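Subject: The structure you asked about

Hello,

Here is the structure I promised to pass on. Please have a look at it first, and then read my notes below.

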Amino acid sequence: MITINCFLILSALMLFIGVYGFLTRRNTLAILISIELMLNAADLNFAAFNRMLFPEGQEGYFFTLFSVAISAAETAIAIAVMINVYRNLKNNFVENLDKLKW
Amino acid sequence: MDYSQFLNMSDELSLLAVVVILFMADLFCCGSENSTKPSKALSLIAVPLLLVQTVYMLVNMPADCVTAFGDMYLSAPMMTVVKAVLNIGTVIVFLMANVWMNREENQVKQGEFYLLTLFTLLGMYFMISSGHFLMFFIGLELASIPMTALVAFTKKNQESAEAAAKYILTALFSSGLLLYGISLLYGTCGTLYFNDMAAVMDASNWVQLAALVLFISGIGFKISLVPFHLWTADTYEGAPTTVTGYLSVISKGAAAFVMFVILTKVFEPMVENWNLLLFWIIIVSITVANIFAVRQNNIKRFMAFSAISQAGYLVLGAMGGTAQGMTAMVYYLFVYMVANLGVFAIINIVEQRSGKLNISDYDGFYATNPKLSFIMTLCLFSLAGIPPFAGFFSKFFIFMAGFKAGFPWLVFIALVNTVISLYYYLLIVKAMYIKKSDTPIARFSSDGYTQIGLALCAIGVVFAGILSQIYQYFDSFSFGLMP
Amino acid sequence: MNFLSLFVLIPLLMLLSLWLVKGTKGIRAVMVVGSSALLALSIYLTFAFLAERAAGNTAEMLYTASFTWFEPLHISYSVGVDGISVAMLLLSGVIVFTGTFVSWDMCKEYFLWFTLLSMGVFGFFISIDLFMMFMFYEIALIPMYLLIGVWGSGHKEYSAMKLTLMLMGASAFLMLGIFGIFYGAGGQTFNLLDIASHTGGATLIEFSQQCIWFPFVFVGFGVLGAMFPFHTWSPDGHASAPTAVSMLHAGVLMKLGGYGCFRVAIYLLPDAANELSWIFLILTGTGVVYGALSACVQTDLKYLNAYSSVSHCGMVLFAILMLTSTASTGAILQMLSHGLMTALFFAVIGMIYHRAHTRDIRELNGLMRIIPFLSVGFAIAGLANLGLPGLSGFVAEMTIFVGAFQNADLFHRVLTIAACTSIVVAAVYILRMVGKILYGTNVNPDHAKLHDAHWEERLAIIVLIACIAGIGLAPSWLSNMIDASVSPVMEQIQAVASTVSKSNPFL
Amino acid sequence: MATTIIFFVLAAIILGCALLAVTTKHIMRAATYLLFVLFGTAGLYFLMGYTFLGSVQVMVYAGGVVVLYIFALMLTGRSDNQKEKSMSVAKKMAALIASLCGAAILLFVIISQKFAATVLTAPNEQLTSIQTLGQQIIASDKYGYLLPFEVVSVLLLACIVGGLIIARKR
Amino acid sequence: MNFTYTIFILLLPFFSFLILGLAGKWLSHRTAGIFGTLVLGVVTVLSYFTAFEYFTADRVDGVFQTLVPYNFVWLPFFDGGLHFDLGIMLDPITVMMLIVISTVSLMVHIYSFGYMHGERGFQRYYAYLSLFTMSMLGLVMATNIFQMYMFWELVGVCSYLLIGFYYTQAPAVAASKKAFIVTRFADLGFLIGILFYGYYTGSFSFDFTNTAVYLNGAMPGVGADFSKAIAGAGFILPTALFLMFVGGAGKSAMFPLHIWLPDAMEGPTPVSALIHAATMVVAGVFQVARMFPLWIQYAPETLHIVAWIGAFTAFYAAAVACAQSDIKRVLAFSTISQIAFMMVALGVCLPEGGYTDNHASLGYMASMYHLFTHAMFKATLFLCAGCIIHAVHSNEMEFMGGMRKYMPITHITFLIACLAISGIPPFSGFFSKDEILVAAFHYSSAMGWIMTGIAAMTAFYMFRLYYGIFWGTENVEYHEHHTPHESPAVMTIPLILLTVITVTVGWILPGSFGSFVSATGEAYHIHLDWSVAGTSIVIAVIAIALATYIYSGVRQPIAEKMKATFPALHKWAYHRFYLDEVYQFVTHRIVFGIFSRSFAWFDRHVVDGFFNFLAWGTNAASYSIRTLQSGRVQQYAFVFLLGVLVLILMLII
């Protein structure tokens, strides 16, 4: 019996796995990958809510749709930034991004 | 299908028109990479266009609230006013950017600079006028993503790259949480139209409360409120100075206003709850930022902490969501904008002329550049809230609003913090006037654009407070939960 | 346009012309013309005011005018004067005038800030709108930072910063207090008179509210009035400030504190004043004795005078808190008197310092023989300070003591007598200082050839001495003028005075 | 019943791959695991009957984003860059505890909310048909998405410009 | 009778002060001196004229009228019906004081012309003298206690300025400071007394007719019942009067506030004659006399305390005077002792029969009489001492001896004054002192005998001084270097004039002083009580003989032997029983050393330290939390996340 809670638990776990990844990965691209998990979790939520609770409307559906598009755009820019960092630092480790501090 | 409702969005459309004209201008007038002086034309186009558009917006201002696309787009006169305020700020940023854009390595990129800036501005427009969380989210992203490119604008610069990376990473993290929060709102309300949500909001619903927190964290990231602020200092320091200026007022201000609108519109039944949240966020923001600012040496980083602290004051206007608070907030934003951009314009010109960015480099600045340091002093005093400069009025009014909303002790803590902020603003004044230096910044003359920008800032700082019409103008449009 | 606004307008014009003129002569011309105009205006105001009163105009404030400023917030540009403000304006006029001459050799920027400071001071005294009052109060504070920081001496950066921060900290208290009053009275008007008389939409401020906001307002203004234990900005600040700034600061700016305490804290919050005055009486009473005793062991002339100011200004607040008509009149007289004599003191100290390059009592000797004019000025300032009859200090102190004695309970008696002892201690430190630096024989060869005062310095000293002696010899017109304006406040107090303070453990 | 089984299988795949994606030391593998997660999610969309959404997910994410990642990894692909050393245990533990607390709080909040106990059933084709979607996305009245659609286009344009400015050599 | 011209008695010296003070720089010594003296001459004439007019006017009910030609509110107070008036009041003691002050002042003016000849600051000196004369005249003509206080302070300042006239010399500066501070300290009592008095009686005026009304009935100001109760308890008025007396004790150098007076001798000698012998120092006596109706009616017991304080002071000062070697010091202690006599005389008045009984209040008249005579002969003594110092250039007796041959006029006048102070008839001192002794015996025989004994000590130390100067061992060596010579006429004439007064005033007007000045204002005829007078004469003669025996010879074996026998006593007496050291200890070590220093320390380190600590704390906090901004983006996210979680918990808990 799949209820909305199943989806919510799944997405919540996915979200926090993403968070965990964000907090622990050292490679900036790996961090971005973790972020994809977080965004994906939210997307899943929208779809599930729409389907399970408000099937008569399409708001969640469209939100997911737009969200996917926006995440793609974000990812593109983020990756560009990371490549730019790589050009400057010759590596992609997040702990090297510490010139600006205090 | 009624396309005439696009006309209700004249603000956004006119800005889009400006973008398109600039796009074309960039393409045709100065597109050639060999052209020697492309920049003049572009800024010559951009600034007047933006001004014209501002005037157009204000003249064409709807008399009352307008909606379009089935409440997807909501606008009110106050929103147009805020957009106009943001426009003025952007104009000043463009004016001060000119000297930086004229550098050889940037000349070729200047079209992109104007475009990206205007794209973010457009994003803020949509964010302000959103009537649906989707529009809000898209607007927010449109305001943040091109900003990353702006932060990374001098991409050969390692610090700029680092700043951009930190910015985009934090932005993505926060937008992930925000998106999740919005999904929870959807799950509990069944709709994301602002107009329909307040009716189904319930202060005892924990999911909605969690969503409220996630929303505040997402927007708090844009406003850079503690504890969502940590990117701010690094990004401000690393970003090109003009971009820092833009980030510190325009993007912050728009987000604060949007937060006010959404809190009062959507989260209206939870007013007690978000008051509690903002109460602590404001206290922590102001205090922590002030404490950090005290011992900064890089002036941009210093201004970053100052900006965080100012954000705390700005959000004070949102307490209780009163109409008076809104007026105070917009007024504060306006005053803060002119003063802060004035400071950044000077930081920028100093950086462009001498490459110096440390507070200690400003030792003896008054001896070599009295006029600039005088304007800088005016702006700093305004930021610190010293009369007769506008900052005093805005601080007084925002505290008054906070007091009226029923938070005297919050106001008191904020007031005590103004003393600390005065301390660090005076540190710069001290550096300029009192300290002596063996290697002061050499005497230089600033370019015409910067001069115009500084003149605007100085006029604003001096007159925006004394002339009560400005406040009254804002007040005539403001709205909120209570009068 | 109300002619009181000229008090703000003239400094504004001075600022503008200072900005435009070039060269020392031009600056001096602007300053002399401007400050003379201000002095003349304040003298004219005094006569006009007295004539108006004599003609039977008994309105609480004369020459009132009000223009709505921030309409949504009920802020208006409201001016008006009563006897107290007239006295204070006169004082400010004199000090600004003499201050101009004392800082004869200063540069343009100095005078810009100096004039801004003056504008704040004048504006404060003509305001009857709380917002305006607060605004001018802060306008007067901030130029201090640069004036001390740039043109000061000694630990000037530290002192300037400390002074500014402490005073701004006080204004934080003050601002909250003002909000408390505004909203406590219904949030309809910032006008002092309306709030006090419950007109113009203002309502009675509840007792519990008053008790919350009274300490805020009193401390807010009290810090500027050098209330113990918030006085420590004053010795450092005065010691580091350039001469005319010390004069203006001790002479006028510190008066803002006393004036504000009286005009806002006591006038608008009478119940709380009656209830809570004992706390502040203890503090100010302590300050009076403490300042005087601390002054006894100072070796720096300016520190000495600063501590003496702590004592004298403490006396002002002390008298205000006595809540009697006489004591309050005495407080205002003391403000005037202290303003003039401290200005004179600082002026002479500054001139001596300028010549001898030291202010250490131990290093100065026998100046009477070398620079007799300055020395005599110094001695007269000292004598005024210790309350010599015929000079202003005596008049003020006696009025205060008689007024304070109208409170018959033991608590007030003990404090009053303690405060009286300060006049003995004043004699001790003044005579010690006078004896050490003026008398005896000079042993320092560097000091043997100091030149006596220049004409502009002489002018300043003579004007100040004339004012001190003038008040000291013929005080009754002033006293009557002030008292007529004190009485509305006293009516407020008397309405509640029958209730004895419940919180005072000494009653 | 089948839905239940499929859901749990997909959920297991998603969670497992997600965990692997954030823990594996090889970044290329992480990208691959992400691909699986995204496929899994797409599977869930299909399960809900949101076929179009599922396809978009597969196309945009799997086909676009992950490929982007892989290109980026290639671009930054020096050997020492590919394999990361793990962080200090303390930091990991802190992150783990924070994430677990977060998950616990969020789950607690969600579970405490009594959502309608609708059970996942066969999808209503009418609501999610392409026609309906197509009409809604260009509808300008309520529940129409013309405006976001247009604005997203601006967003994409801005991203192109932004990406250009960052990525191009000069 | 129109006494409006009396205003000039005050105004003329004031203008003289202004002119000499402001324009003195441009005047020659001669002009300044003559100008000052002439003005004072006019004042003296006016004073005498006033006295003549006043005392020849008709009495009403046998009493001289109290006249108030001028009185106006100088400084209004607004509570309790109080106001600070300035005005002129004439009554017998005022008029008497006018004569004393103007006479002595004029003599001193003339005398100073010679004494101060060629001194730097000559104009300033005359300016100060004018100011002093004005203040002193204002003091005695005051219409109310506050006005008296005002001029009281002014004479204090004049005294300060004149003692410190030689301001380049450290002892003079120290002495002037001491004089001012000690009297100022005492004035604190005066002020508080005035405040009490004003509050509970509702008036500062010397017109006591209203006072009783207030005391018995409604009170001004707040808390009528409360104050009434206190006044009913009857210690308020005595307290107030006693506090005022403290002020008077300071000015009149009563023990233990006398310590400033000997040091005040650092000033120019004519100043000592004027201020520290004849006029200012008797202000305390005058003040008690002024308030006498209240004392005798409401505070007789307290008045007796005053008497005992006076008696002790008289004894103490006499004892110290016996051991001093500085001639001005001896005179100073003698002054203290004599003023104490006056104080005793006031103190021994008895309230029996109310204060309308002139006999019970004999001391009042005696005190005033002695004040008058003492002013004359003590001024003479000081001026003589001035001549001697002028001639010898030293104050120490060891440089003198045998001066009679060099300075005959000084010698004679000095001798006459000595006889007067010793109470030998027919000189004036005899008459006045005798009245005092009578009053003392009237009070109690113990007091009478004590005072008689002290009178004998007076005779002894005065003749010790006399012989020390004019006879005794001549310091021949020193005199060969500086041959002493008689002073010029401008200095000797005042001496002679004063001596003439001293000689004549007692017997020319026998018994008539009391008909002018008495406690009730009614004429009181002095008749010598020969039992008392005889005793005192005999004792005085014995004392003089003793002094002659010990000190008149060229060698003084007995004096040496006495010194050797009681070294401690002599040493203690010479050092004035170390009272100065005690004061020094209390003020410097305790008040300044402990209180002031610790306050100053407290201020710098605790109060100021607190604010500095706040600043330091902010900075320290700034450093200590900087790791929050570590530059690691993951930490930023971590904080972000924690923030979100905390906020959620804040809402849902």
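**Which chains touch**

Chain C and chain D do not touch, and their nearest C-alpha atoms are 37 Å apart. By contact I mean two residues whose C-beta atoms, placed from the backbone, lie within 7 Å. Chain A and chain C have no contact either, with their closest C-alpha atoms 25 Å apart. Of the 8 pairs of chains that are in contact, chains A and D share the most contacts.

Before going further, two notes on the source. This is a predicted model, in which local features need pLDDT of at least 70 and side-chain atom pairs count only at pLDDT 80 or more, while totals for chains, interfaces and linings use all residues. Residues are numbered from 1 along each chain as its sequence is written, and chains are lettered from A and ligands numbered from 1 in the order in which they are written.

**Chain D and its partners**

Where chain D meets chain A, 69 residues of chain D are in contact with 59 residues of chain A. On the chain D side, the elements giving two or more residues are helices H1 (2-23), H2 (27-48), H3 (51-75), H5 (89-112) and H8 (146-167). Helices here are DSSP runs of H or I with at least four residues, strands are runs of E with at least two, and both are numbered from the N terminus. H3(D) makes the largest share of that side, with 12 residues. By class, the side of chain D that touches chain A has 52 nonpolar, 14 polar and 3 charged residues. In this count Ala, Val, Leu, Ile, Met, Phe, Trp, Tyr, Cys and Pro are nonpolar, Asp, Glu, Lys and Arg are charged, and the others, Gly among them, are polar.

The contact between chains B and D takes 32 residues from chain B and 25 residues from chain D. Helices H5 (110-128), H6 (133-151) and H9 (206-223) of chain B each supply at least two residues of the chain B side. The largest share of that side comes from H6(B), with 9 residues. The side of chain B that touches chain D divides into 22 nonpolar, 4 polar and 6 charged residues.

Chain D itself is assigned domain 1 (1-61) and domain 2 (127-170), with bounds that come from an automatic or database domain assignment. Taken over C-alpha atoms, the centres of these two domains of chain D are 25 Å apart.

**The core and a buried helix**

Which residues touch the most other members of the largest nonpolar core? They are Met329(B) and Val344(E), in a core of 798 residues. This core draws at least three residues from each of domain 1 and domain 2 of chain D. A nonpolar core is a set of buried Ala, Val, Leu, Ile, Met, Phe, Trp, Tyr and Cys residues joined through C-beta atoms within 7 Å. A residue is buried if 20 or more other C-beta atoms lie within 10 Å of its own, exposed if 12 or fewer, and partly exposed in between, with C-beta atoms placed from the backbone. Beyond four places in sequence, the contacts of Met329(B) include Ala256(B), Phe257(B) and Ile398(B).

In helix H7 (158-189) of chain B, 30 of the 32 residues are buried. Just after H7(B), Gly190(B) takes a positive phi of about 80 degrees.

**Details in chains C and E**

Strand E2 (75-81) of chain C has 6 of its 7 residues buried, so it is largely enclosed by the rest of the structure. E2(C) runs antiparallel to strand E1 (62-70) of chain C, joined by 6 bridges; strands count as paired if DSSP finds at least two bridges between them.

Most residues other than glycine have a negative phi, and most peptide bonds are trans. His198(C) is not a glycine, yet has a positive phi of about 55 degrees, and with 13 C-beta neighbours inside 10 Å it counts as partly exposed. Leu323(C) has a positive phi near 60 degrees, and is buried, with 26 other C-beta atoms within 10 Å.

The peptide bond from Phe228(C) to Pro229(C) is cis, with omega near 0 degrees. The bond from Phe255(E) to Pro256(E) is also cis, with omega near 0 degrees.

Best wishes
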